[in-house]
Amino acid sequence: MKALNKILIISLLTLVFSCEKTVYVEVPDNDPKLVTQTFLTTDDVEKEIKLALTWSVPLYSAYDYSFKDEKDADVYIIKNGQKHKLTYTNPSPMGGTNGYYKIQSSSVGVKTGDSFSLEIETRDKKTKITSQTTVPDKPVYSLSYENKTVNEYNENTYSFVFKSLNNNDINYYFFICKGYFTRQPGNIIDSVNMYSFSETNYYKIAKGNSAILSFVSYDEVDSVKIKVFHTDEAYYLYNSSVYNFEGDNPFSEPSPIYSNIDVGLGVFCSYNTDYQILKVK
Amino acid sequence: MKIAAITFAFMTLPLLFFAQGRHTVSGYVKEKGTGELLIGVNIYIKGTQTGTVSNSYGFYSITLPDGDVELTYSYIGFQPVVKKFRLKKDTLITVYLNTVNELKGVEIVADKSERISDDLQMSIVKVPVKQVKEIPVLLGERDVFKVLQLMPGVRSGSEGNAGIYVRGGSPDQNLIILDDAPVYNAYHLFGFFSVFNGDAIKSVELIKGGFPARYGGRLSSVMDIRMKDGNNEKFGGEGSIGLISSRLMLEGPIIKKKASFIISGRRTYADILTIPFQKFALDGEFAGYYFYDLNAKVNYEISNKDRIYLSSYFGRDKFYAGYEEPDFKENFNLYWQNVTATFRWNHMFNSKLFANTSVIYSKYKFDVGESYKEKSGDNYNLDYYSGIRDVSAKYDMNFVPNNRHFIRMGASLINHLFTPSAFAVKGSLLPEDLHSKAKEINSLESAVYFEDEIKLNRAKLNAGLRYSNFYVNKKLYNSLEPRLMFSYMLTEDFSLKASYAYMQQYIHLLSTTGISLPIDLWVPSTDIVKPQHSQQVALGLAHDFTNPSFSASIEGYYKDMRNIISYKEGASFLSTGSFDENKEFDYEEVITSGSGKSYGVEFLVQRKYGKLTGWVGYTLSWTKYQFDELNFGKPFWARHDRRHDISIVAIYKPSKKITFSATWVYGSGDAITLQKAEFMGVTHNPENDNLFPLGYGVYDYGERNSFRMAPYHRMDVGVQFHKDLKWGGKGTIEVSFYNLYSRANPYFYYIGTQYTNGVSKSVLKQVSLFPIIPSVSYYLKF
C-alpha cells in the first residue's frame with residue numbers, strides 16, 4: 001500500500017511540477033504559540049497533575065523544528081478561586097529533552113464534578129493562555145460479553161456490548177483492555193494487552209445507547225479487565241484528532257488538531273475511570 | 001395520499017383536451033442542407049402570446065383556431081421562416097431553416113419570443129456550439145465546459161480544470177447527460193479538458209436552478225448535451241490539427257433524407273504536455289500520457305411518426321510511468337474510461353402527443369496498477385480499481401392539449417452496479433494471489449414525473465411533481481419532489497421570475513480534497529449513508545433591450561443541502577480495509593455526512609447578435625458546510641467557496657474572413673486547510689495516566705479551509721482567419737494566447753525551503769501551472 005501511495009505521489013508531482021512557477025506567499029498569524037497538554041483525573045487515581053508546556057514552531061520562519069519548553073512561566077490551576085502553582089521539572093517522564101510542570105493532586109483536590117481553570121503566563125508577561133475543564137462523573141454503564149471469533153491467523157476477537165448509562169445526553173468514552181490466561185506448563189497467570197479491532201477506541205455515545213467493543217489477542221484468554229474512561233468532550237476531540245492526524249499524506253483529508261486553549265494550542269481536559277472484569281471462557 | 005394526488009392529476013388531464021373549432025399544427029424543424037433536427041426553435045404567431053418551442057427531438061405541436069394562420073419559425077443563427085396557410089384540420093408541417101450569415105451586414109434582432117424576458121425557465125445557460133468554437137482556449141482545445149465556466153453561477157475547480165461547481169454544489173451534484181446517458185467522469189487529462197468533443201455536439205444546456213420535474217437524481221445542475229444526428233443529405237466532415245491533439249469528424253446519409261451517421265474521434269499526441277516526462281527517458285525511466293475518444297451515432301426515420309437513434313461514446317485516458325533495466329521492468333499505470341450507449345425511439349402518437357423511449361448503458365471505471373517483471377519470468381501485478389455501471393430505461397411523453405398547456409410526463413428505471421473499491425495482487429513471487437473482496441452493490445433507482453407548463457396571459461407557470469425511489473440492500477428510500485417555476489411579464493420586455501425545487505440524490509462521490517486525480521469513488525446511499533437532498537429557491541429579473549440588442553438578468557438564490565458526504569478527517573481512499581483480503585472495503589466507515597448552504601446573486605449582460613457578441617457575468621456567492629465530525633462541528637467554508645467571480649467574453653467579427661475573441665476572468669481564492677505551525681504531539685497514556693509524547697510533531701491548521709489562496713485572474717485572446725477553399729471546403733487558422741499577461745495563478749501550495757545568506761528558512765510556495773501559452777490550430781470543414 002505504501003509503495004502504491006509513493007508512486008501516486010511521484011506521478012502527481014511529476015505532472016504538476018512540469019509547468020511550475022514558484023512564488024512566495026505571506027502567511028498571516030504566523031507567530032509561535034504556547035502549547036500545553038493536561039489530562040486531569042481524580043486524586044485517588046493519579047497522585048500528580050502533569051502539564052506539558054512547549055512552543056509551537058511556525059512553519060514559515062527559521063528552519064528549526066525542535067519544540068522548546070517554556071521553563072519560565074507562571075502556571076496555575078485554579079479551583080474555587082484558589083490558585084495552585086505548578087513547578088517545572090526536568091527531565092520529563094515523557095523522555096527526550098522536554099520537561100513538564102507538576103503538582104500533587106491531593107494538594108489541589110481533584111474530585112468528581114470539580115471545575116478547574118488553567119492560567120499560564122510567561123514571565124515577560126507577553127503571552128497568557130487560559131482554559132477550563134470539569135471532571136466528569138464516574139462511568140455508569142452496563143457491560144456484557146458477547147462472543148469470540150477466531151480468524152485464519154489465529155487472532156482471537158472478543159466482543160462486548162457496552163451500554164452508556166451516564167446522565168448526559170452525549171457521553172464520551174475511551175476503553176483499554178487487558179486479557180488474562182493461564183500459561184502452561186506451571187499454571188502461571190499471565191496477561192496481555194489486547195488491541196482494538198475498530199479504527200479508534202474513542203467513542204461518542206448517547207445516553208442509553210450501546211456500542212460493540214472488540215478486542216483482539218493472539219492468546220486465548222480466560223478473562224478480561226476492561227478499563228472505562230468517561231471523558232469530557234475536549235479529551236475526546238483532542239485525542240481523536242491527534243489519532244486521525246496523517247501528516248503530509250496528500251491522499252488523506254487534513255485533520256485539524258482540536259484545542260480548547262484560549263490564545264494557545266493543546267488541551268486542558270479531564271476524565272474519570274472505572275473497570276470491570278469479565279470471564280470470557 | 002401521494003398516490004391519490006398523482007392519480008387525480010392524471011384523471012383531470014382529459015378536461016384539458018377538448019376545444020371546439022381548433023386544430024393542431026405539428027411536425028419537425030430541421031436545418032436546411034443537413035437535415036439536423038433543431039432543438040428549442042420558437043414557433044409562434046407574431047404579436048400574440050401564442051407559441052411553442054421544439055423539443056429535444058425537433059418536434060413541435062401548436063393548437064390554433066381554424067382559419068388563416070401565419071406561423072413564424074425562429075431560431076438563433078437561422079433565417080426565420082414564416083408559413084401562411086388556412087387551418088381546417090390537424091396538419092403536419094416539417095420546416096427547414098437556413099443558417100444566416102450575419103456578416104452580410106444584416107444584424108438579426110431578437111424576436112420577442114427569443115428573449116430571455118419571455119422564457120419561463122430561469123437559471124439556465126444555453127451555449128451555442130458556434131460560440132464554443134470562437135472563444136480562445138488552452139492549447140486550442142475547444143471545450144464546452146470551459147465556456148460554461150465563463151457563465152455566472154458556474155465555476156471551475158482550479159487552474160486549467162474543466163471540473164464544474166454550480167451554485168456551491170460539488171461536481172457529483174451535476175447530472176451530466178449525453179444523449180440521455182449519464183457520464184460519470186466527464187474529464188480528460190486530469191480534469192483539464194472535458195470528454196465532449198465539440199465537433200460531435202449539437203446543443204448544450206445547463207440548468208442551475210428551477211429544475212423541471214423531468215430532471216432528477218442530482219442536487220445542483222443538469223447539463224443536457226445532445227449529439228448531432230449527422231447530415232442526412234450529403235457527406236461531409238470536419239477536421240483539425242492542434243498542438244496536443246487532432247480530430248476528425250465524418251457525417252453523411254445512409255439513406256438520403258431517411259438515415260444518417262456521424263462519427264467523430266480525437267487523440268492526443270505525446271508532445272507538449274508530455275515533453276517534461278520525456279526527460280525521464282534517461283537512465284531507463286519513462287513516462288507518458290494520452291487520451292482518445294470516439295463519438296458515433298446513427299439514426300433512421302422509419303416514417304413520419306417514428307424515428308430511431310443509436311448513439312455511443314467511448315473515451316479513455318492513460319497515464320504511465322516506469323523504469324526499465326536490462327533484466328527487469330517496473331511500470332505504473334493510471335487509467336480511467338467512460339462508455340455510454342443510448343438507443344432511442346421517437347414515436348408521434350398524434351399531432352398532440354409525442355413520446356420517446358430510451359434504453360441506456362453507461363459505465364465508468366478507474367484503475368491504478370503497478371507491475372514488475374523480471375527477465376527470468378518472475379513478476380507481480382498490483383491492481384486497484386473502482387467504478388459504476390448503469391443500465392436504464394426511460395419513457396418520456398410530451399402532450400400539448402392546447403396553447404395554454406404543455407404537459408410532460410414519464411418514468412425511468414435505473415439499475416446501478418457500484419464497485420466502490422477492489423484490490424488484487426498477482427504474481428509468481430507471491431505464494432498465492434490476493435484479492436480483496438470487491439464489494440459490488442446493486443441498486444434500483446426509479447422515478448415518475450408530471451409537469452405542466454401553463455400560460456396565463458402575462459404569467460407563465462411550470463408546476464411539476466417527481467416521485468423517486470431507491471432500493472439498496474433491502475432498504476427502500478423514496479421522495480416526493482415538488483418543482484415550481486413562475487414568470488410574470490412586468491412590461492413587454494421585462495419579467496419577474498421565481499422558482500422552487502426540491503431535489504433528491506441517491507448516489508454520492510467520495511472525493512479527496514487535496515489532489516486532482518481521478519480517484520474519487522462513486523458510492524450509493526445505504527441504510528447508514530442517507531440520500532442527499534436539497535431545496536433551492538431563486539428569484540430574478542430579466543430585461544431585453546432592443547437598440548442595441550442585448551439582454552440583462554439578475555438572479556438571487558438560496559440552496560440548502562442535506563446529507564452531503566465527505567471523508568472523515570485523516571481518512572482516504574486507501575484507508576484501512578481497502579487492502580484487506582478478508583474484508584470488504586466498507587466506505588461507510590471512512591465517511592461522515594453533514595449539510596451545506598449556498599447563496600448568492602448572479603448578474604449577466606449578454607449580446608447574442610451582431611458583429612460584436614459576448615457577455616459580462618458577475619457572481620457574488622457564499623458556500624458553507626457543517627459536519628458534526630469535521631472541524632469539531634463548527635461550520636466552515638467549502639473549498640470551492642468563491643466570493644467574487646467575474647467573466648468578460650467578447651467576440652468581434654469585422655468581416656467574413658476574420659474573428660477576434662478575448663476573455664478575462666477573475667475569481668476570489670479557494671478556501672484551503674493550510675498547516676501554519678508544528679507542535680509537539682502529546683497525548684494521554686491510559687495505561688499509567690501519564691503524558692504520552694508521540695515522538696513527532698502535529699500541525700496547527702487553524703480551522704478547516706480557513707486559508708484563502710491568491711485570487712485567480714487571466715486573459716485569453718485569439719484570432720481566427722477563415723478562408724473558403726476552391727474545392728468547396730472551409731479552412732480556419734486559429735492563433736490564440738492563453739494567459740496573455742502570464743499571471744502566476746495558484747494551483748497548489750507546499751512547504752519549501754528558502755536559502756538566504758547561507759541560512760535556510762521554510763517558506764510557503766505556490767505552484768502555478770500555465771504561463772502565457774500560444775497555440776496554433778488549423779480547422780478544415782468539408
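Residues are called buried when their relative accessible area is under 20%, exposed when it is over 50% and partly exposed in between, with a 1.4 Å probe and protein chains only. This is a predicted model, in which local features need pLDDT of at least 70 and side-chain atom pairs count only at pLDDT 80 or more, while totals for chains, interfaces and linings use all residues; side-chain values use heavy atoms, with hydrogens and water left out. Residues are numbered from 1 along each chain as its sequence is written, and chains are lettered from A and ligands numbered from 1 in the order in which they are written.

**View 1. A salt bridge between Asp700(B) and Lys33(A).** The two side chains meet at 3.7 Å, N to O, a salt bridge being a side-chain nitrogen of Lys or Arg within 4 Å of a carboxyl oxygen of Asp or Glu. The pair crosses between chains, with Asp700(B) in strand E44 (residues 690-700) of chain B and Lys33(A) in the loop between strand E1 (22-24) and strand E2 (34-40) of chain A; strands (E, at least two residues) and helices (H or I, at least four) are DSSP runs numbered from the N terminus. Asp700(B) is buried at a relative accessible area of 9%, whereas Lys33(A), at 21%, is partly exposed.

**View 2. Salt bridges within chain B, including Arg214(B) with Glu451(B).** The side chains of Arg214(B) and Glu451(B) meet at 2.8 Å, N to O. Because Arg214(B) belongs to the loop between strand E17 (201-207) and strand E18 (221-227) and Glu451(B) to strand E29 (residues 441-456), the pair ties together parts that are 237 residues apart in sequence. Arg214(B) is partly exposed, with a relative accessibility of 23%, while Glu451(B) is buried at 0%. Arg307(B) and Glu301(B) form a salt bridge at 2.8 Å, N to O, in which Arg307(B) is buried at 4% relative accessibility and Glu301(B) is buried at 13%. A network of salt bridges links Glu36(B), Asp179(B), Lys202(B), Asp229(B), Lys297(B) and Arg344(B). Over all chains, the count comes to 46 salt bridges.

View 3. Contact, meaning heavy atoms within 4.5 Å, takes 23 residues from domain 1 of chain A and 18 residues from domain 2 of chain A. Between them the domains bury about 1600 Å², 52% of it on carbon and sulfur atoms, where buried area is the accessible area (1.4 Å probe) that two parts lose on being put together, summed over both. Of the area that domain 1 of chain A buries against domain 2 of chain A, Phe39(A), Leu40(A) and Thr133(A) supply 26%, more than any other three residues. The count of salt bridges between these domains is 0.

**View 4. Two Asn residues of chain B with positive phi, Asn457(B) and Asn631(B).** Asn457(B), whose phi is near 50°, lies in the loop between E29 and strand E30 (459-472) of chain B and is exposed at 59% relative accessibility. Asn631(B), whose phi is near 55°, lies in the loop between strand E38 (612-627) and strand E39 (636-637) of chain B, but is buried at 1% relative accessibility.
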